[in-house]
Amino acid sequence: MSEGSRAENSGDFLAELARLGETRTWEPGASVVTQGDVADCMYLIHEGELRAFVAGDGGRVVELNTLHAGELFGELMLSGERRSATVQVTTRARLTRVTRADAERVLAQRPELAFQLIQRMVQRVRTLTRTVGRLASVDVYGRLVGLFDALAVDDKGLRVVPGPLSQQRIAERVGASKAMVNRLLTDLAKGGYIEVSRERIVLLRKLPPKW
């Protein structure tokens, strides 16, 4: 299947789901689904950004993924299980909620949509596998460098990690304590490698391979 065909089919899939449910706007900080709750619906993202994270023993939080417009979450509700993660709004979001009954009906009527959903779930598993693999095989500093590499953009000749990105949020994304992240950022800033502000982190020069 060509890339154009995939994009067209993906659009049909999302449009079909959007027609099924109720659409509303969510404000930053709101939890759309919560880890451990009964899974009875899925969500389509039209606008905004959300984050998926899990809380472990002692309340430690690890961020699994960042979600954007055109993506889905909560599709594991088709298994009838409880929510495996919390999804929280980070920037104002517009979402369509689709119940399990409505999703199952349209997937039964349109097998090609079921195939597209499977493709999306496979991609989600791949992303989570990479996240877990990175947490298991690389130290905290290496994970921090990987995060900056993934998020950095060019801005007027500078390499910048856009914000706001709090130390707590960074800690959750790299699977470390806030104190450890604070120490690394402070050391890198003192070494002239980064410049940290509330709005962004500027990568002044290539980060060293070890710290």
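## Strands, helices and salt bridges

Modeller: Let's start with S9 and S10, which pair in the antiparallel sense over three bridges. This is a predicted model, where local features need pLDDT of at least 70, side-chain atom pairs count only at pLDDT 80 or more, and totals for chains, interfaces and linings use all residues. Residues are numbered from 1 along each chain as its sequence is written, and side-chain values use heavy atoms, with hydrogens and water left out.

Biologist: What makes S9 and S10 count as a pair?

Modeller: Two strands pair if DSSP finds at least two bridges between them. S9 and S10 have three bridges, so they pass. Ile194 stands opposite Leu203 in S10. Strands here are DSSP runs of E of at least two residues, while helices are runs of H or I of at least four, both numbered from the N terminus.

Biologist: Why do S7 and S9 stand at the edges?

Modeller: The open sheet has four strands in the order S7-S8-S10-S9, with antiparallel pairing. S7 and S9 each have a single partner strand, so one side of each is left without a neighbour in the sheet. The twist averages 35 degrees from one strand to the next. Helix H4 (residues 140-151) lies across S7, S8 and S10.

Biologist: Why are H5 and H6 called roughly perpendicular?

Modeller: Their packing angle is about 105 degrees, and their axes are 8 Å apart. Under 35 degrees is roughly parallel, over 145 roughly antiparallel, 65 to 115 roughly perpendicular, and the rest oblique. So 105 degrees makes H5 and H6 roughly perpendicular. The axes are lines fitted to C-alpha atoms, for helices over the stretch in contact, and angles run from 0 to 180 degrees between N-to-C directions.

Biologist: Which residues of H5 meet H6?

Modeller: Gln167, Gln168, Ile170, Ala171 and Val174 in H5 meet Lys178, Val181, Asn182 and Leu185 in H6. By class, that contact has five nonpolar, three polar and one charged residues. Ala, Val, Leu, Ile, Met, Phe, Trp, Tyr, Cys and Pro count as nonpolar, Asp, Glu, Lys and Arg as charged, and the others, Gly among them, as polar.

Biologist: Why is H5 described as largely enclosed?

Modeller: Six of its eight residues are buried, so the rest of the structure largely encloses H5. Buried means under 20% relative accessible area, exposed over 50%, and partly exposed in between (1.4 Å probe, protein chains only). Just after H5, Gly175 takes a positive phi of about 70 degrees.

Biologist: How do you know that Arg173 and Glu63 form a salt bridge?

Modeller: A salt bridge needs a side-chain nitrogen of Lys or Arg within 4 Å of a carboxyl oxygen of Asp or Glu. Arg173 and Glu63 come to 3.4 Å, N to O, so they qualify. Arg173 lies in H5 and Glu63 in S4, so the pair ties together parts that are 110 residues apart in sequence. Both Arg173 and Glu63 are buried.

Biologist: Why is Asp155 called partly exposed?

Modeller: Asp155 forms a salt bridge with Arg200, at 3.3 Å between the closest N and O atoms. That pair links S7 with S10, 45 residues apart. Elsewhere, salt bridges with shared partners join Arg51, Glu63, Arg169, Glu172 and Arg173 into one network.

Biologist: What makes Asn65 buried?

Modeller: Asn65 sits at 16%, under the 20% limit, so it counts as buried. Leaving aside neighbours within four places in sequence, Asn65 is in contact (heavy atoms within 4.5 Å) with Leu50, Arg51, Ala52, Arg124 and Thr127.
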